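Let's take a look at how two protein chains sit together. Have the sequence and the 3D view open as you read.

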Amino acid sequence: MAGVIAAAFLWSPPLQGLGEAGRIFYFHVPCAWVGTLAFLCAAYAGLKYLRTRDLEWDSSGAAAAQVGFLFTFLATVSGAVWAQEAWGRWWNWDPRQTAILMVLLIYGAYFALRSSIESAERRASISAAYSILAMVAAIFLVYVAPRLPGLDTLHPSPVLPGNDPDRGIEPRILMVLLAALAGFTGLFAWMWRIQTRVDRLFLRREQNR
Amino acid sequence: MSGVTALGIAMLVIWGGIFAFLWALERRVARLEDSE
């Protein structure tokens, strides 16, 4: 991560049309990626719980959703900072911004739902089903809805900034982005593991009470 | 020092703090698991 930060600020050229502020790209995109990956992991853990009824999968799923929420929130904040620089306003109700806000609300409701159920087994079953449905909704909202015809978005489509049709992607930009994606994915794996262990400790204490 | 360099150094410090926090948290969790 130290290498990614150094490369993003010192080695990568400024992004075309975005200036120095465009460097937030190296943090915004990996945060959004990790958010999606984490929600996929939460849904996978939900499926595993429904098949095995092992509460440890419930802890894993809840931990993935918690870390995913954090990274999605960071993607929203970094996106707002970027929007202020690029579009002149922090929040524009752009389809992408609205979609990510809805995803945050959906997972906010997931945590509220979890905290409202006392029985560990019941909580795990309902959370597992919710996390699978929430993941489908999140994928639709973030990746499908903003591309529907008739919805004008200012958000760049999946074209890398600095992508000159004549010269291809600037190699340094691509390298730093890939390194950032790898670094953030590793960071997510670490945070997920720690949070899962914390959740399992809480679960054991709850069961011993 | 340019603004970009200063921001890069600030980010390094912030990320160093995040990693130190996570490392300390992992150690604390390991201790709690051992005491269970």
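For the complex, the predictor reports an ipTM of 0.80 and a pTM of 0.86. Chain B has a mean pLDDT of 85, with 97% of its residues at 70 or more. That kind of score is worth checking, since where pLDDT is low, the predicted coordinates should not be read in detail.

Chain B is simple to describe: one helix and zero strands. Its C-alpha atoms fill a box of roughly 50 × 5 × 5 Å along the principal axes. Of its 36 residues, 3% count as buried.

## Where the chains touch

How many residues of chain B are in contact with chain A? The count is 14, and they meet 14 residues of chain A. On chain B's side of this contact, nine residues are nonpolar, two are polar and three are charged.

## Two helices side by side

Two packed helices are described by the angle between their axes and the distance between the axes. Here, helix H1 of chain A (residues 2-11) packs against helix H1 of chain B (residues 3-35) at about 165°, and their axes are 9 Å apart. Angles over 145 degrees count as roughly antiparallel, so H1(A) is roughly antiparallel to H1(B). The crossing of H1(A) and H1(B) is right-handed.

Which residues do the touching in H1(A)? They are Ala2(A), Ile5(A), Ala6(A), Phe9(A) and Leu10(A). Their partners in H1(B) include Val4(B), Leu7(B), Met11(B) and Trp15(B).

Most residues other than glycine have a negative phi. Now look at Arg53(A): it isn't a glycine, yet its phi is positive, about 60°. You'll find Arg53(A) in the loop between helix H2 (25-52) and helix H3 (55-86) of chain A. Because Arg53(A) has 13 C-beta neighbours inside 10 Å, it counts as partly exposed.

Trp93(A) isn't a glycine either, and its phi is positive too, at about 50°. Trp93(A) sits in the loop between H3 and helix H4 (95-115) of chain A. Is Trp93(A) buried or exposed? A residue with 12 or fewer other C-beta atoms within 10 Å is exposed, and Trp93(A) has 8, so it is exposed.

Conventions
Residues are numbered from 1 along each chain as its sequence is written. Chains are lettered from A and ligands numbered from 1 in the order in which they are written. This is a predicted model: local features need pLDDT of at least 70, side-chain atom pairs count only at pLDDT 80 or more; totals for chains, interfaces and linings use all residues. Two residues are in contact if their C-beta atoms, placed from the backbone, lie within 7 Å. Ala, Val, Leu, Ile, Met, Phe, Trp, Tyr, Cys and Pro count as nonpolar, Asp, Glu, Lys and Arg as charged, and the others, Gly among them, as polar. pLDDT is the predictor's confidence in each residue, from 0 to 100. Helices (H or I, at least four residues) and strands (E, at least two) are DSSP runs, numbered from the N terminus. A residue is buried if 20 or more other C-beta atoms lie within 10 Å of its own, exposed if 12 or fewer, and partly exposed in between; C-beta atoms are placed from the backbone. Axes are lines fitted to C-alpha atoms, for helices over the stretch in contact, and angles run from 0 to 180 degrees between N-to-C directions. Angles under 35 degrees count as roughly parallel, over 145 as roughly antiparallel, 65 to 115 as roughly perpendicular and the rest as oblique. A crossing is left-handed if the near helix is turned anticlockwise from the far one by less than a right angle, and right-handed if clockwise.
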